[in-house]
Amino acid sequence: MPLTSLGLRGGGFLFSMEIVFKPEELIGKISQIEKVLLPRASFQALHRAVFRTTREILPDRVKPPGIFKQANRFTLNSFLYDRPSAFSDHLKSRIYIRDDAPKGNAPADYLSPQIVGGNAYRTRFQRRLERKGFLGGAQDAYMMPALKSINRSGLAKGEYTRALWAISAMNDLRGNYDYEARAYKSQGKYVWVPPNLSEQVGAEAHARLVRSLNKGRIPKAGIYKVLKSGLKQRFISLPYIPQNAPKFNFTDIAADSVRNVFSEELIKNLRRI
């Protein structure tokens with residue numbers, strides 16, 4: 001079984017590559033006795049290599065203070081692999097990024113801009129605001145957390161949902177008692193301020209509401225939490241979509257790790273040490 005191949009796929013986006021290498025190229029000449037051990041030794045080595053790459057190497061590289069300033073447990077656990085398959089003349093495995101998320105955003109999707117660059121990822125929160133008309137105009141293309149108003153761990157998971165209910169961006173989900181209760185609990189606790197509110201014809205009532213909650217002033221566009229002291233910005237509205245420069249070289253990191261670990265494990269499995 002002279003060849004070992006490793007397929008790398010960046011989850012749910014069109015980004016893939018495959019590396020193929022011969023054990024001899026990594027560990028040198030193989031003896032006749034070692035050739036007998038090679039199929040099993042290679043299988044075990046490749047299995048160990050993809051396991052360590054997804055469980056140790058990739059998470060260690062992305063977690064703070066590595067590539068990202070913040071990385072939650074879901075992201076760190078999103079690097080997956082397929083158990084190696086044995087064919088007549090080679091072994092094959094695959095490393096990839098999880099491309100599903102039952103209650104949130106798929107890691108393969110939100111990591112894509114960090115790998116290939118381009119527009120910032122549009123989260124479910126973004127898409128919901130767009131569908132309900134809170135985003136999408138020339139002055140409000142994107143909504144992001146107001147970084148100055150949150151702690152280092154970011155916004156709480158439930159705050160996105162509470163804000164959406166409070167500004168009536170979830171009204172189409174009414175009809176269920178639980179949804180009604182959640183809407184009632186957050187009602188009046190957040191307020192949406194569109195761009196140029198004071199100049200909008202037909203929005204006078206909303207402008208008066210915002211002023212009454214914020215000591216007579218209309219703040220910059222965004223979503224605000226209603227406090228006794230006034231409005232505290234939780235999300236800021238931007239007139240553009242932020243751009244990401246590639247900074248997570250997923251394939252190179254994974255490929256280098258697999259080659260190194262495979263070599264180490266193969267030498268060990270062939271009883272050279």
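Guide: Happy to! Accessible areas here come from the Shrake-Rupley method with a 1.4 Å probe, and for residues only the protein chains shown count as cover. By that method the chain exposes about 15,500 Å², of which carbon and sulfur atoms supply 51%. This is a predicted model, in which local features need pLDDT of at least 70 and side-chain atom pairs count only at pLDDT 80 or more, while totals for chains, interfaces and linings use all residues. Residues are numbered from 1 along each chain as its sequence is written, and side-chain values use heavy atoms, leaving out hydrogens and water.

The chain holds nine helices and 10 strands, taken as DSSP runs numbered from the N terminus (helices: H or I, at least four residues; strands: E, at least two).

Now to the sheet. Four strands make an open sheet in the order β6-β9-β8-β7, with antiparallel pairing; two strands pair if DSSP finds at least two bridges between them. At the edges, β6 (142-145) and β7 (190-193) each pair on one side only. On average, neighbouring strands of this sheet are turned by 30 degrees against each other, direction ignored; axes are lines fitted to C-alpha atoms, for helices over the stretch in contact, and angles run from 0 to 180 degrees between N-to-C directions.

Four antiparallel bridges link β7 with β8 (residues 222-227), and Tyr190 has Lys225 of β8 as its bridge partner. Helix α6 (residues 157-166) packs on the sheet, touching β6, β7, β8 and β9, and its direction makes about 70 degrees with that of β7. Contact means heavy atoms within 4.5 Å. Helix α5 (residues 124-131) lies across β6, β8 and β9 (230-238), running at about 140 degrees to β6.
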